[in-house]
Amino acid sequence: KKAAEICSAAGVAIGIENAEMPFGNTVEKVLDIIGRVNSPYVQIYADIANAANAAGGDTDAALRDLSLGKGHILAMHLKDMVVGDYRYPYYGKGQVDFARSIALAGEMNVRLFTAELFCYDPDNCAEVAGNVCRFLRGYLNRVY
């Protein structure tokens, strides 16, 4: 509630991520928090990989959860995952269905995205970033 007060005074919104903590690992749980705060300045920063992980890798369940956030998602976090690993660095080799997730984002009018970059070798970070960008742009360009 304090964050909502600060945000409203500044005229900015804050998004709560559905992160890997049990109290807020789904969009549904974040919506409950938002409902208790009851401020238009507190919304959702949806993470497609965290939704998939909370659903145990079940794409349909993850998409249902993400769809609950319609009208409340400020931005969407794009990354991949395997069950139990929330920071899986290999885009396209995990369990996230990027085609369906980004198509759903388009249907919900989400227009702001963040890609999380995991670069374990400092000598090839630029290459990894370029590969991730091309990978995600392939899906984003189909929808947008």
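This is a predicted model: local features need pLDDT of at least 70, side-chain atom pairs count only at pLDDT 80 or more; totals for chains, interfaces and linings use all residues.
The pairing of β1 with β2 can be followed residue by residue. Strand β2 covers residues 42-47, and four bridges join β2 to β1 in the parallel sense. Gly 15 has Gln 43 of β2 as its bridge partner. Glu 17 stands opposite Tyr 45, also in β2. In a regular strand, side chains alternate between the two faces of the sheet.

Together, β1, α2 and β2 form a β-α-β unit, and the unit is right-handed.

Asn 50 belongs to helix α3, which comprises residues 48-54. Its relative accessible area is 0%, so Asn 50 counts as buried. The side chain of Asn 50 reaches the backbone oxygen of Asn 18 at a distance of 2.9 Å. Apart from neighbours within four places in sequence, the contacts of Asn 50 are Glu 17, Asn 18, Ala 19, Glu 20, Asn 25, Lys 79 and Tyr 86. One of these, Glu 17, is the residue opposite Tyr 45 in β2.

Aromatic rings were searched over the whole structure. Six aromatic pairs were found. Ring pairs join Tyr 91, Phe 98, Phe 135 and Tyr 139 into a cluster.

Backbone torsions call for a brief remark. Most residues other than glycine have a negative phi. Asn 38 has a positive value, near 55°, and is not a glycine. Asn 38 sits in the loop between α2 and β2. With a relative accessible area of 65%, above the 50% cut-off, Asn 38 is therefore classed as exposed. Asn 109 also has a positive phi, of about 65°, and is likewise not a glycine. The loop that holds Asn 109 lies between α5 (98-107) and β6. Asn 109 has a relative accessible area of 54% and is exposed.

Technical notes
Residues are numbered from 1 along each chain as its sequence is written. Side-chain values use heavy atoms; hydrogens and water are left out. Two strands pair if DSSP finds at least two bridges between them. Helices (H or I, at least four residues) and strands (E, at least two) are DSSP runs, numbered from the N terminus. Buried means under 20% relative accessible area, exposed over 50%, partly exposed in between (1.4 Å probe, protein chains only). A polar contact is a pair of N or O atoms within 3.5 Å; within protein, one must be able to donate a hydrogen and the other to accept it, and residues adjacent in sequence count only if both atoms are side-chain atoms. Contact means heavy atoms within 4.5 Å. A crossover is right-handed if, with the strands pointing away from the viewer, the path from the first strand over the helix to the second runs clockwise. Rings of Phe, Tyr and Trp (its six-membered ring) pair if their centres lie within 6.5 Å; planes under 30 degrees apart count as stacked, over 60 as edge-to-face and the rest as tilted.
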